[in-house]
Structures are given as structure tokens and as C-alpha cells.
Amino acid sequence: MALRPFRPCRHPGCPELTREGWCPRHKPPPTPRRESAAWHRWYSLPVWTRQLRPAQLLREPFCRVCARKGLRVPATDVDHIRDHKGNWTLFTDPDNLESLCHSCHSRKTMREQRQNQRKKQG
């Protein structure tokens with residue numbers, strides 16, 4: 001097996017040669033896996049793709065948040081009202097689902113992520 005050629009470290013101004021891209025002094029720490037990585041694959045299971053998600057969009061075809069504002073925007077995303085955090089019962093509970101447009105879903109997700117970061121920091 002051929003070895004990769006030596007190249008300068010990716011850190012600006014570091015002249016050390018390495019095969020990994022970063023010299024040992026500048027190698028970034030490994031990124032922690034997202035907390036949701038363990039259950040993220042659940043969204044590709046047939047129970048979600050063929051049952052829960054389509055049934056929710058049929059039951060509630062318009063964005064729930066936009067409807068509260070008097071707007072009629074088609075829903076594209078299905079969201080868990082209470083974050084399931086790997087709890088299978090909450091994940092599959094149809095009463096824990098709401099239909100949202102992509103914009104509202106993204107806004108809600110970002111707000112929840114910021115809140116979770118604050119909890120971890122404080």
C-alpha cells in the first residue's frame with residue numbers, strides 16, 4: 001500500500017510536514033457526535049416514511065404555526081411537538097406530531113438547538 005505524500009500542516013504558517021493534513025501540535029480535537037446521531041436513522045425506517053409522516057400530512061395538510069396567524073401554507077415537514085430524545089414511544093406517538101412548513105420547522109429547530117446549548121453551558 002502506497003503512503004500519502006508529505007504536505008505542510010494545514011495550520012497557517014506551520015512548516016511541519018505531515019501525511020494526515022495536520023501536525024500533532026495543530027491537530028483539532030475530534031468532534032463529538034451529535035446527541036441525536038443514535039436515533040437519527042429512525043427517520044429512514046418504514047414506520048416513519050410510510051406510516052407516521054404521510055398520515056400526519058394527510059391529517060393536517062397545512063402548517064399549524066402559519067394557520068395560527070391566519071395563513072394557509074402547505075405543510076412539508078412533520079415535527080415532534082415534544083422532543084423524543086430517543087424515546088421510541090414518543091417518536092411513534094401520532095399525538096406528538098404536528099405539520100409545519102419548512103420555514104417554521106427550521107425556525108423551531110434552531111430555537112430548540114439554542115435552548116439546548118444554553119442548558120449545557122449554564
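Among contacts in the protein chain between residues at least 6 apart in sequence, what percentage join residues at least 24 apart? The share is 44%, where contact means heavy atoms within 4.5 Å.

Before going further, a word on the model: it is predicted, so local features need pLDDT of at least 70 and side-chain atom pairs count only at pLDDT 80 or more, while totals for chains, interfaces and linings use all residues. Residues are numbered from 1 along each chain as its sequence is written, and side-chain values use heavy atoms, with hydrogens and water left out.

**The chain as a whole**

The protein chain has 4 helices and 4 strands, in the sequence order β-β-α-α-β-α-β-α. Helices (H or I, at least four residues) and strands (E, at least two) are DSSP runs, numbered from the N terminus. The radius of gyration, taken over C-alpha atoms, is 22 Å for the protein chain, whereas a compact globule of 122 residues would be near 14 Å; that globule rule is 2.2 Å times the number of residues to the power 0.38. Along the principal axes, the C-alpha atoms fill a box of roughly 60 × 35 × 30 Å. Of the 122 residues, 27% count as buried, meaning under 20% relative accessible area with a 1.4 Å probe and protein chains only; exposed is over 50%, and partly exposed lies in between.

**An aromatic cluster**

Trp42, Tyr43, Trp48, Trp88 and Phe91 form one aromatic cluster. Rings of Phe, Tyr and Trp (its six-membered ring) pair if their centres lie within 6.5 Å; planes under 30 degrees apart count as stacked, over 60 as edge-to-face and the rest as tilted. By this rule there are 6 aromatic pairs. One of them is Tyr43 with Trp48: the ring centres are 5.2 Å apart and the planes stand at 85°, so this pair is edge-to-face.

**Asn96 and its surroundings**

Asn96 sits in the loop between helix H3 (88-92) and strand S4 (97-100). Leaving aside residues up to four places away in sequence, Asn96 touches Asp79, His80, Ile81, Arg82 and Leu90. A polar atom of the Asn96 side chain lies 2.8 Å from the backbone nitrogen of Arg82.

To finish, here is how three of these residues compare in accessibility.

| Residue | Relative accessible area | Class |
|---|---|---|
| Tyr43 | 29% | partly exposed |
| Trp48 | 5% | buried |
| Asn96 | 5% | buried |

Key: A polar contact is a pair of N or O atoms within 3.5 Å; within protein, one must be able to donate a hydrogen and the other to accept it, and residues adjacent in sequence count only if both atoms are side-chain atoms.
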